[in-house]
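I wrote down what I looked up, in the order in which I looked.

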Amino acid sequence: MIRRDAHALPGLEDQARLERAIDMTQMSHTSFSGFSHAAQQAQQWVNELARDLCWSEPSAYRLLKSVLHTLRDWLSPAETADLAAQLPVLVRGIYFEGWQPTKAPACKRTKRDFIIDVRSDFGYDDEVDFDTAIGAVFKLLDRHISHGEITQVRNSMRKSLHHLWPAD
């Protein structure tokens with residue numbers, strides 16, 4: 001017979017504590033796994049864009065961020081949220097970084113204004129064809145976001161910007 005201390009006997013309270021600890025370990029593993037997957041998705045988007053443009057990954061990331069920020073600032077808050085819901089977690093974080101939803105968007109916006117906003121966020125580079133670069137980001141979004149959401153985003157933009165998006 002094994003002798004046990006009264007304090008060492010596992011009671012129901014101890015059993016529940018042990019089960020919670022096991023659940024927390026499993027949740028931590030699941031959370032970390034989810035984080036790793038989110039990082040892989042974001043990296044995939046940057047890699048695709050870099051490949052599409054024959055750019056380095058850091059430049060592709062800067063462009064993706066610049067276009068997402070400009071797009072976000074040109075959409076209504078409701079449309080901004082709708083698009084964000086379909087972005088991978090880390091890309092969504094990039095999208096919302098620095099967002100000021102109370103900042104009123106300009107009423108009259110042209111394609112030229114959009115390109116200027118992207119260029120100013122990206123940084124001036126006279127070797128970049130921003131029409132092509134912005135179009136590449138829109139093509140990337142088109143590949144990964146539902147057709148219905150892309151249609152809503154396109155329709156909420158000025159007609160002068162529609163030709164930057166890939167054709168339906």
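**Entry 1: a loop residue.** I began with Cys54, which counts as exposed because its relative accessibility is 73%; for accessibility I use the terms buried for under 20% relative accessible area, exposed for over 50%, and partly exposed in between, with a 1.4 Å probe and protein chains only. Cys54 sits in the loop between helix 1 and helix 2, and its phi is near 60°, a positive value in a residue other than glycine. Helices here are DSSP runs of H or I with at least four residues, strands are runs of E with at least two, and both are numbered from the N terminus.

I noted the ground rules before going on: the model is predicted, so local features need pLDDT of at least 70 and side-chain atom pairs count only at pLDDT 80 or more, while totals for chains, interfaces and linings use all residues. Residues are numbered from 1 along each chain as its sequence is written, and side-chain values use heavy atoms, with hydrogens and water left out.

**Entry 2: the whole protein.** I found eight helices and zero strands, and buried residues make up 34% of the 168 residues.

Entry 3: Leu53 lies in helix 1 and counts as buried, because its relative accessibility is 16%. Leaving aside neighbours within four places in sequence, I found Leu53 in contact with Leu63, Thr132, Ala133 and Ala136. The C-alpha atoms of Leu53 and Ala136 are separated by 7.2 Å, although the two residues are 83 residues apart along the chain.

Entry 4: I then followed Leu49, which touches Ala60, Leu63, Leu64, Ala136, Val137 and Leu140, not counting residues up to four places away in sequence.

**Entry 5: helix 2 and Arg72.** Helix 2 has 18 residues and reaches 26 Å from its first C-alpha to its last, close to the expected 26 Å, where the expected span is 1.5 Å times one less than the number of residues. Its buried residues include Ala60, Leu63, Leu71 and Trp74. Arg72 lies in this helix too, and I recorded Arg72 as buried because its relative accessibility is 4%. Not counting residues up to four places away in sequence, Arg72 touches Thr80, Tyr95, Phe96, Glu97, Gly98 and Trp99.

**Entry 6: the rings.** I counted six aromatic pairs, using the rule that rings of Phe, Tyr and Trp (its six-membered ring) pair if their centres lie within 6.5 Å, with planes under 30 degrees apart called stacked, over 60 edge-to-face and the rest tilted. The pair of Phe96 and Trp99 is tilted, because the planes stand at 40°, with the centres 5.2 Å apart. Phe114 and Phe138 also form a tilted pair, 5.9 Å centre to centre with 50° between the planes. Phe114 lies in helix 5 and Phe138 in helix 6, so this pair ties together parts that are 24 residues apart in sequence. I noted that Phe114 is buried at 0% relative accessibility, and that Phe138 is buried at 1%. Trp55, Phe122 and Phe130 form one aromatic cluster.

Note on methods:
Contact means heavy atoms within 4.5 Å.
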